[in-house]
Amino acid sequence: MIEKIQSLKAEIEGLTASSAAEVEALRIKYLSKKGEVSLLFNDFRNVPADQKRQVGQELNILKNLATERINALREALENADDAADDIDLTRTPAPVALGTRHPLSLVREQIISIFSRLGFTVAEGPEIEDDWHVFSALNFAADHPARDMQDTFFIQRNPDVLLRTHTSSVQTRVMEHSQPPIRIICPGRVYRNEAVSARAHCFFHQVEALYIDKNVSFADLKQTLLYFSREMFGPDTRIRLRPSYFPFTEPSAEMDISCNLCGGKGCSFCKHTGWVEILGCGMVDPNVLEACGIDSKVYSGFALGMGIERITNLKYQVNDLRLFSENDVRFLEEFTSAH
């Protein structure tokens, strides 16, 4: 009798079921009136008197084991059914929504990528600067309008500490501590005391490039500008250079590209001229080289600078600069496919 009980106990401990019908079948097989456990209880009267106590205890343990095992199987199936009920099987599967890169970041990385193919490396500097690196080292006269409080944010009314108005300050820092050849690109945020509107902001982003070596000419600058323009706006892009003035370059020029909306034919975006201005450039003034410790009789170079917002406007036709800093998710989601 003990052997039958032990054998049946091992069998019950290994029970499994994958449906409620199988659980019910196991209950009938082991716990019904004609089940195997009940039949053992019926045979209990034939057990010798000296074994009744031990056998009775083992039978009770067996019955409890069978009851607990079958109840556990039933509960496991019910919990699985409840979990499945929480799933809407008619719902279309969709991935978790991911964030998108900011349009200014997309254009910034594209500009860096283009110049990196020409051998330029990224250089960075502080946004809180001093007068020397922002103005004096770049050949700004003491009475230059850019030094006025209405254009520059000074820190605690200190005329020597200010928020940089251009990333040219990074160029002066690199020239101070490096000898040519120098070939760098300087992306970063800059600040100017201007009224915020659809066409202007008190902070914006620039990318400036600097190349200094022996025998660098204006032809090198022009070829660099043409390569950049066609890589950024398409192989059919044309450029033109117009004379201009900047304190830190001589000669200086502003560069236009053929309008990428009308192909140079004339439209409202380019004011029917067929051209759109995108950057300023020129040959580095010898005074700037000397101020930064570079011999202007041996070395020459060119510099160029552009606003990232301006390039982004042209590339994606964004007409309001304020959209770039308002963090409107609806606006940012429009650039998901631009990665």
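**Note on backbone exceptions in the model**

1. Asparagine 327 counts as exposed, with 55% relative accessibility; here buried means under 20% relative accessible area, exposed over 50%, and partly exposed in between, with a 1.4 Å probe and protein chains only. This residue has a positive phi of about 55 degrees although it is not a glycine. Asparagine 327 is placed in the loop between α10 (308-316) and α11 (329-332). Helices (H or I, at least four residues) and strands (E, at least two) are DSSP runs, numbered from the N terminus.

2. The model is predicted, so local features need pLDDT of at least 70 and side-chain atom pairs count only at pLDDT 80 or more, while totals for chains, interfaces and linings use all residues. Residues are numbered from 1 along each chain as its sequence is written, and side-chain values use heavy atoms, with hydrogens and water left out.

3. Histidine 272 also deserves attention: its phi is near 60 degrees, a positive value in a residue other than glycine. Histidine 272 is found in the loop between β8 and β9 (275-284). At 61% relative accessibility, histidine 272 counts as exposed.

4. Most residues other than glycine have a negative phi, and most peptide bonds are trans. The next two points concern peptide bonds.

5. The peptide bond from proline 180 to proline 181 is cis, and its omega is near 5 degrees. Proline 181 belongs to the loop between α7 (168-177) and β5 (182-191).

6. A cis peptide bond also runs from glutamate 250 to proline 251, with omega near 0 degrees. Proline 251 lies in strand β8, which comprises residues 249-258.
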